[in-house]
Amino acid sequence: MNASTLSKVGTGVVFAAALVVACVLSTWASGAPDGLEHVAETLGFADTARPSVFIPTPLSGYTISAIPAALSTAVVGLVGCGTVFGLGWSASAVVKAFHARRGLRRQTRENTSAR
Amino acid sequence: MHTPDGLLDHTTEISMGLVAAGALTVALARAPREFTAVRGPAYIGAVAAAVFAGQMMNFPVASGTSGHLIGGVLAAVLIGPWTAMICMAIILTVQAVVFADGGIGAVGVNYFLMGIVAVGVGWALFRLVARALPRRTWAAPVAAGIGAYLSVPAAALGFSAIYALGGVTDVDPWMTTHAMVGWHLLIGIGEALITATAVAALMAWQPQLVRGAGVVRRHDVAVFA
């Protein structure tokens, strides 16, 4: 497998794994408070927490109340993973282009061919 | 470990925001050195999505408490620590803005804990352990698991320190530290298992998808040359 193919296949496999975890497996995610929430409740400093979003997002708390829970998890997982994937891809593409334009083109090329 | 708004005073939130912005600027400048033809922008996006997914998957720990992957070490070992810091910034911002998970004002605090402390401590430990282990394929997942394990209580310790400085209530800092580090020593086991399994699977299939494989390999050259 050449580098370009391996990159595409690797991207596909890792993103598919992300979707399986986010859309399917997380249906069984524990709803219990996480470590920080639990400590905050036990030590009595959880009460000062307040929501920071002025207009409540429809996806708040990783659920869409209007649709069944399992479907809601799948939609939320898809939207979340898709957004992060898109932003991660485009941000690093911009960073890469910016880096190349700043006269470090040669260094980048050496890195890409060496590893 | 997503700090909501209201737990910390504004000075602390803003200070941590500035620290986060500074660290992210350094990461943006250094990350391109970690890019390769295989581990390019698309793969980086996929790893970021996988870390986001891992953070959704809360696993039960003990007596009504759960934990979830932080993923800082997983990302660092797969795509490099500076690139991982960019990914963590994206993940935490999406979580705060789209899912109301972690306060928007506290995003700098959460970035400090999960993007700087977890990634930094975990990657440093990974390198240390990877260089001490024999040159075998299993060295990378073992080192990644150890780094991942300790990155969780390290972030918990970070939270305790920040709460002692800027928390809005007067909880005894030792109690916060004791409870936070204690619980996260348990949660870290999940972090270690997930990280080691994912790294082991990718190492067995295609080591080029694992940046940390290079640490193990470079060490080999140094030792056996």
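Biologist: What makes H6(B) and H7(B) roughly antiparallel?

Modeller: In this predicted model, helix H6 (residues 139-166) of chain B and helix H7 (residues 173-205) of chain B pack at an angle of about 155°, with their axes 6 Å apart. Angles over 145 degrees count as roughly antiparallel, under 35 as roughly parallel, 65 to 115 as roughly perpendicular and the rest as oblique. H6(B) is therefore roughly antiparallel to H7(B). The crossing is right-handed. By class, the contact has 22 nonpolar, seven polar and one charged residues.

Biologist: How are the axes and angles defined?

Modeller: Axes are lines fitted to C-alpha atoms, for helices over the stretch in contact. Angles run from 0 to 180 degrees between N-to-C directions. Helices are DSSP runs of H or I with at least four residues, strands are E runs with at least two, and both are numbered from the N terminus.

Biologist: Why are H4(B) and H5(B) called roughly antiparallel?

Modeller: The axes of helix H4 (residues 81-99) of chain B and helix H5 (residues 107-132) of chain B come within 10 Å and cross at roughly 150°. That angle places H4(B) and H5(B) in the roughly antiparallel class.

Biologist: What is the hand of the H4(B) and H5(B) crossing?

Modeller: Right-handed. The term applies if the near helix is turned clockwise from the far one by less than a right angle; anticlockwise is left-handed.

Biologist: Which residues meet there, and of what class?

Modeller: Contact means heavy atoms within 4.5 Å. From H4(B), the residues include Met85(B), Met88(B) and Leu92(B); from H5(B), they include Tyr111(B), Met114(B) and Trp123(B). The contact has 14 nonpolar, three polar and no charged residues. Nonpolar covers Ala, Val, Leu, Ile, Met, Phe, Trp, Tyr, Cys and Pro; charged covers Asp, Glu, Lys and Arg; the others, Gly among them, are polar.

Biologist: What makes Val47(B) count as buried?

Modeller: Buried means under 20% relative accessible area, exposed over 50%, and partly exposed in between (1.4 Å probe, protein chains only). Val47(B) has 1% relative accessibility, so Val47(B) counts as buried. Val47(B) is found in helix H2 (residues 41-56) of chain B. Leaving out residues up to four places away in sequence, Val47(B) touches Val14(A), Ala75(B), Leu78(B) and Ile79(B). The C-alpha atoms of Val47(B) and Cys87(B) are separated by 8.3 Å, though the two are 40 residues apart along the chain.

Biologist: Why is helix H3 (residues 72-79) of chain B called largely enclosed?

Modeller: Eight of its eight residues are buried, so H3(B) is largely enclosed by the rest of the structure. Among them are Gly72(B), Leu74(B) and Val77(B). Just after H3(B), Gly80(B) takes a positive phi of about 100°.

Biologist: What is the makeup of chain A?

Modeller: Chain A has three helices and zero strands, in the pattern α-α-α. Buried residues make up 34% of its 115 residues.

Biologist: How confident is the predictor in each chain?

Modeller: pLDDT is the predictor's confidence in each residue, from 0 to 100. Chain A averages 88, with 86% of the residues scoring at least 70. Chain B has a mean of 94, with 96% of its residues at 70 or more. Over residues 219-225 of chain B the pLDDT is below 50. Where pLDDT is low, the predicted coordinates should not be read in detail. The model scores ipTM 0.93 and pTM 0.92.

Biologist: What conventions apply?

Modeller: Residues are numbered from 1 along each chain as its sequence is written, and chains are lettered from A and ligands numbered from 1 in the order in which they are written. Local features need pLDDT of at least 70, side-chain atom pairs count only at pLDDT 80 or more, totals for chains, interfaces and linings use all residues, and side-chain values use heavy atoms, with hydrogens and water left out.
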